[in-house]
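Hi everyone, thanks for coming.

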Amino acid sequence: MRSLGNIIQLGIKELRSLWRDPALVLLIIYAFSANIYSSAMAIPESPHRASIAVVDEDRSQLSGRLLDAFQLPYFVPPVRIDQAAMDAGMDSGKYTFTLDIPPNFQRDVLGGKQPTIQLNVDATQISQAFSGAGYIQQIIQDETTTFVSRYRTDTVLPVDAVVRMAFNPNLERSWFGSLTAVIDQITMLSIILTGAALIREREHGTIEHLLVMPVTPLEIMLAKVWSMGLVVLVASALALRFVVEGLLAVPVQGSIALFLLGAALHLFATTSIGIFFGTVARSMPQLGLLIILALIPLQILSGEVTPRESMPMLIQVIMLAAPTTHFVELAQSILLRGANLAIVWPQLLGLLAIGSVFFLSALARLRQSLQ
Amino acid sequence: MSAIADIKQITLRYGKTCALDDLTLSLPSGQMVGLIGPDGVGKSSLLALIAGARKLQEGQLQVLDGDMRDAAHRRRVCPRIAYMPQGLGKNLYATLSVRENLDFFGRLFNQGSQEREQRIALLLASTGLTDFIERPAGKLSGGMKQKLGLCCALIHDPDLLILDEPTTGVDPLSRSQFWDLIGRIREGRPGMSVLIASSYMDEAQRFDHLVVMDDGKALACGSPDELLQRTGTSDLEQAFVALLPEEKRQNHEKLVIPPRTADGEIAIEAHDLTRRFGDFTAVDKVNFRIERGEIFGFLGSNGCGKSTTMKMLTGLLPSSSGEASLFGKPVDPKDINTRKRVGYMSQAFSLYSELTVRQNLNLHARLFQLAAGYRDERVAELIETFNLAEVADSLPMSVPLGVRQRLSLAVAVIHKPEILILDEPTSGVDPIARDAFWALLVKLSRDDGVTIFISTHFMNEAERCDRMSLMHAGKVLASDTPEALRLERGKDTLEEAFIDWLREASDPQATPDAEAASPTPQVVSSTARLPRFSLRRLMSYARRETIELRRDPIRGLLALLGSVFLMFIMGYGINLDVEDLTFAVLDNDRTTYSERYIQNLSGSRYFVERPPLVSHADLEQRMREGSISLALEIPPNFGRDLLRGDTPQVAYWVDGAMPMRADTLRGYAQGIHLNYLRSLAAEQPYTVSMEFSKVATRYRYNPDVKSLPAMVPAVIPILLMLIPAMLTALAVVREKELGSIINFYVTPVTRLEFLLGKQLPYILLGFINFLTLLLLAVLVFKVPVKGSLPTLLLAGLVYITCATGVGLFMSSLLKSQIAAIFGTAIVTIVPAVQFSGLLHPVSSMEGFGAIIGELYPTTHFLIISRGVFSKALGLSELYPFFIPMLLAIPALTLFSVLGLNKQEK
């Protein structure tokens, strides 16, 4: 009872301090609005506006049709170039793809000779290289088939295949992108706020003052966890409602309340990490570096950039200890696939377990560092 | 007599508070001029204005015969002014040694190495600091810090020396040494004017000319004798009170301390109390017994262990050996109940500066669990008793120091403790406020029986204690009533007795040294005309930043090892070869034909098969769970329709939640289907070939289409943005938060020199970082540099300059360290990772992200890095990508310069 009062009071104190730093408040607002919007919108379709150039040595009706087939938004209209310009264009990164259509291509196709088109791919453009090359092959295949079928009729396929996209029929990038952007802001802000608040109390000597009062390290820590967690939770709820559902028009499938429960557990873990860093770092500059070192793997290896299953086994196992891994999975399931509690309870449990471990070790460090 | 400073109708406001109110005043030159007056009457503000550290709002100010509004004049006279701000060691750099601090200031004033050495030697000799030349400033005692601060101020032979409460918090011995030193310096430089704010009236006696200030106005000016005559008083303390306006004087009564009736109960006891930090013994076998209701004084030189002893009594610090007990019970830091009986006030203000006075009181009332009904009453009572009503809704930092101390005391007694431990509570507080403060203490002691354990540097306060201890170098030298102590040494005043004790006990080396060095701190060469832009001043900041970086090796190490760590994470973690995807099959046909189709899929190395699906509902559920990312549905009668030539249709369901993976899955599904068709065609000659043309795909620059060679050249630019930017981000804002920015305000260094000087060391560190990453790429990741290495190195240098520029911009713009960390994370992580072409080419982006991507330096360095690493290119092909970065550097620098003020607003 006494403890609870202290925790609430100290938490309110944290909220008041935050409010006194208008630049920080502005940055938080920016992070949860413009930053989410721009990073969700920036992820292009794959391929999206890919640049392609064609060396057309055939100049036939068919080669003309091929060129017309590359259309926006997937490709910017192809440029006709000559052989010499091809290498220079690829070297400078001007063209990601170049096609070389050989002479007499149309004649050979109709003659059943299976002529070969050369496709050069800039493999340094890693995300477009593979899927783009697949698209281009598909387009060439389709166009020649349609072209030929006007002359020949015996082209019925023995088996047909349809590919349907569940949960996101048009594969809108912004759906997933907005979600990961929200998660990134949550993780980043909560770690920075708690870690830096602790260092600031130490640099300004106020933490020592607290310790001569009937207040325990546990209360100090819980106060920071709830207050900073609350700030981030409210910011993310607003961002979800107004930016993700509003501006970006992402049709949220599942229960937002369930998502926020997950977010609260995630925050329990990340705020504890923040406090842990606050006890490890000796000064703000060290804390700044530690935060970068933690944020990057938490984001990149959590499965929000590339699928988890494709990572090396060791990394997959290690990343099970990271809260973001579970939170990304949970957020995806709830918001995009409409999953309910019956489905996501393992992630919730995982977050709770991770949060508890981080919380207890941060508490132990805090007790130790205050001695 | 000419004026050193001519003040005409100056008004200065901080928000609603008025610090200086239409002040008109002329300060004579060539004299010691003292500003005296209660706290918060505008003394510090006036000094900061004269020093040029603070921006003028209204009125005219002429200093050294020129207008201080005129930037050109400020630049001209700033080498002739020296300013020592309030606060122990405020203008010093704690991690730098004594010599390095002095050297830094010498360089700022453009002195050559020989001149600097001479000056440093002379200044140190005359202050007795020579033996401590290699000691970091942060580890000096308060008195030594102030002497060093003075040396730093005097290094350039100023014509005007401005000292803001230079001896506050300094022990009597050091204080008398300090004033002797000033006296000797003035003998050597008779023309020098000295302007001092002080709250010690005995010091004011030494000054030639005094200005008594109150409420932003000057009440009286004149020599000390004139003031005494005018007021008809015998000492300045009384004269000061007499000069105050009527209503302020009313509250002031001569403090009378009623005698104490001892009851013999022991409240605080220390027995052989000892505390060691490593080899250093801060407190050495200290013993005392303090009775209940006693006021016990604790005196001693700076750093003698007073604060440490007090911290052990409160349980903040565990003792190394010996015992401390409160109310007969040993001190137990874990015992929350003892804390409720003790009130503690630490030396530095440690309440929350973000909360108002009332909010601070309320918070502590709640933390001490005052009953809900009683809480408001108690807060109101304290506001009344401690005279805080006027400032109840102000922030602590906007009220005068004395008021702040009253607030701290109010907080310390809010729960009516039985013991009060007060660590220099009246440091920097003016005489009237100190008397009021003591009146409160006396009331607590005599009326409420509160035991008070107090440390102080003021002798008149020590005289008010029932008993006191003299402490030096961790040991108690003597303990008794003040009167007995004075008599023991046979001196006229307690101060003399005290100094006598200290001299005897202190290191016999240090003191004589200070006196022996004869006072001619005049150096041969005078500073040449100061140039508009000086490389030496720039390098001075660069050197200092480098030394600070070197003193904090963890930071540099974190930067280097951290980037290596992140390179591994990103190199291996960002793997676009999507593999081990999970799938399951809903086979409604269950014939050899359908099984054959399925084999096509399960045989692929990209897929891992999960148990078959039983129904559509099952398919939906498993998809929703995320346990499969691809489902294949084979219709009933698949085999029959295939044989009949009826073209059966299989359906693939792809989990579209993660579009990137879904795209790859779609490609794989189409490929698998095509494969199946081919294998059908091969064994059934009657069906026609499906392919009319072939596509030969060549993956250039990375023929094996491996992620690693594609990732490594792209990861380097990302890391070289994140880490150098974060390193630089705190460079300026940290000085703002910790106060040393004042040196930038009052020395001739320009904004450009300051910023570039700060940036240089980080560029160097960033470049070392870059080389480490290059070696790692080539040796560990086996990604060779195919193109021109010099081009890459040059581009790296330009790019790192941009990256540190980004951090510096955030640092000069923002005011708190938290905001700077957060801001830098925002402006680096998202643009570098998402908008700069790491995963998606910038040409394919749209909107805001595309604009950022086009402008952001990472985009351009990424192209250069990929060009040199993978495409074997050199400068002739890549020079266009240097141009945007080369333009970004001056732009960023310009923004940083504009974001930084040369004066405090």
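Before we look at any strands, here's the rule for pairing: two strands pair if DSSP finds at least two bridges between them. The helices (H or I, at least four residues) and strands (E, at least two) are DSSP runs, numbered from the N terminus. Keep in mind that this is a predicted model: local features need pLDDT of at least 70, side-chain atom pairs count only at pLDDT 80 or more, and totals for chains, interfaces and linings use all residues. As for names, residues are numbered from 1 along each chain as its sequence is written, while chains are lettered from A and ligands numbered from 1 in the order in which they are written.

Okay, let's start in chain A. Strand S1 (residues 52–56) of chain A pairs with strand S3 (residues 97–101) of chain A in the parallel sense, over five bridges. Here Ile52(A) sits opposite Phe97(A). S3(A) also pairs with S4(A), this time in the antiparallel sense over four bridges, and there Asp100(A) stands opposite Gln118(A). S3(A) is mostly covered, with four of its five residues buried. Buried has a cut-off: 20 or more other C-beta atoms lie within 10 Å of the residue's own, against 12 or fewer for exposed, with partly exposed in between, and the C-beta atoms are placed from the backbone.

Now we cross over to chain B. Strand S4 (residues 116–122) of chain A and strand S24 (residues 694–700) of chain B pair in the parallel sense, over seven bridges. In that pairing, Ile117(A) has Val695(B) as its bridge partner.

There's another place where the chains share strands. Which strands make up the open sheet of five? The order is S5(A)-S23(B)-S22(B)-S20(B)-S21(B), with mixed pairing. At the edges are strand S5 (160–166) of chain A and strand S21 (607–609) of chain B, each pairing on one side only. From one strand to the next, the twist averages 25°; the axes behind that are lines fitted to C-alpha atoms, for helices over the stretch in contact, and angles run from 0 to 180 degrees between N-to-C directions. S5(A) meets strand S23 (residues 649–655) of chain B in the parallel sense, over seven bridges, with Arg164(A) and Trp653(B) as bridge partners.

So what about the whole interface? There are 124 residues of chain B in contact with 123 residues of chain A, where contact means that the C-beta atoms of two residues, placed from the backbone, lie within 7 Å. On the chain B side, helix H26 (residues 659–683) gives the largest share, 14 residues. That side divides into 70 nonpolar, 31 polar and 23 charged residues. For those classes, Ala, Val, Leu, Ile, Met, Phe, Trp, Tyr, Cys and Pro count as nonpolar, Asp, Glu, Lys and Arg as charged, and the others, Gly among them, as polar.

Next, helix H24 (residues 616–625) of chain B. Its buried residues are Leu619(B), Arg622(B), Met623(B) and Arg624(B). Their cover includes S5 and helix H15 (341–370) of chain A, along with S20, S22 and S23 of chain B. After H24(B) comes Gly626(B), with a positive phi near 80°.

Two single residues now. Is His860(B) buried or exposed? His860(B) is buried, because 28 other C-beta atoms lie within 10 Å. His860(B) lies in helix H34 (residues 857–871) of chain B and, not counting residues up to four places away in sequence, touches Phe881(B), Pro884(B) and Met885(B). Arg751(B), in helix H30 (residues 751–780) of chain B, counts as partly exposed because it has 17 C-beta neighbours inside 10 Å. Leaving aside neighbours within four places in sequence, Arg751(B) is in contact with Val897(B), Leu900(B) and Lys902(B).

Last, confidence. For the complex, the predictor gives an ipTM of 0.88 and a pTM of 0.86. Chain B averages a pLDDT of 85, and 95% of the residues score at least 70; pLDDT is the predictor's confidence in each residue, from 0 to 100. Over residues 509–527 of chain B the pLDDT is below 50.
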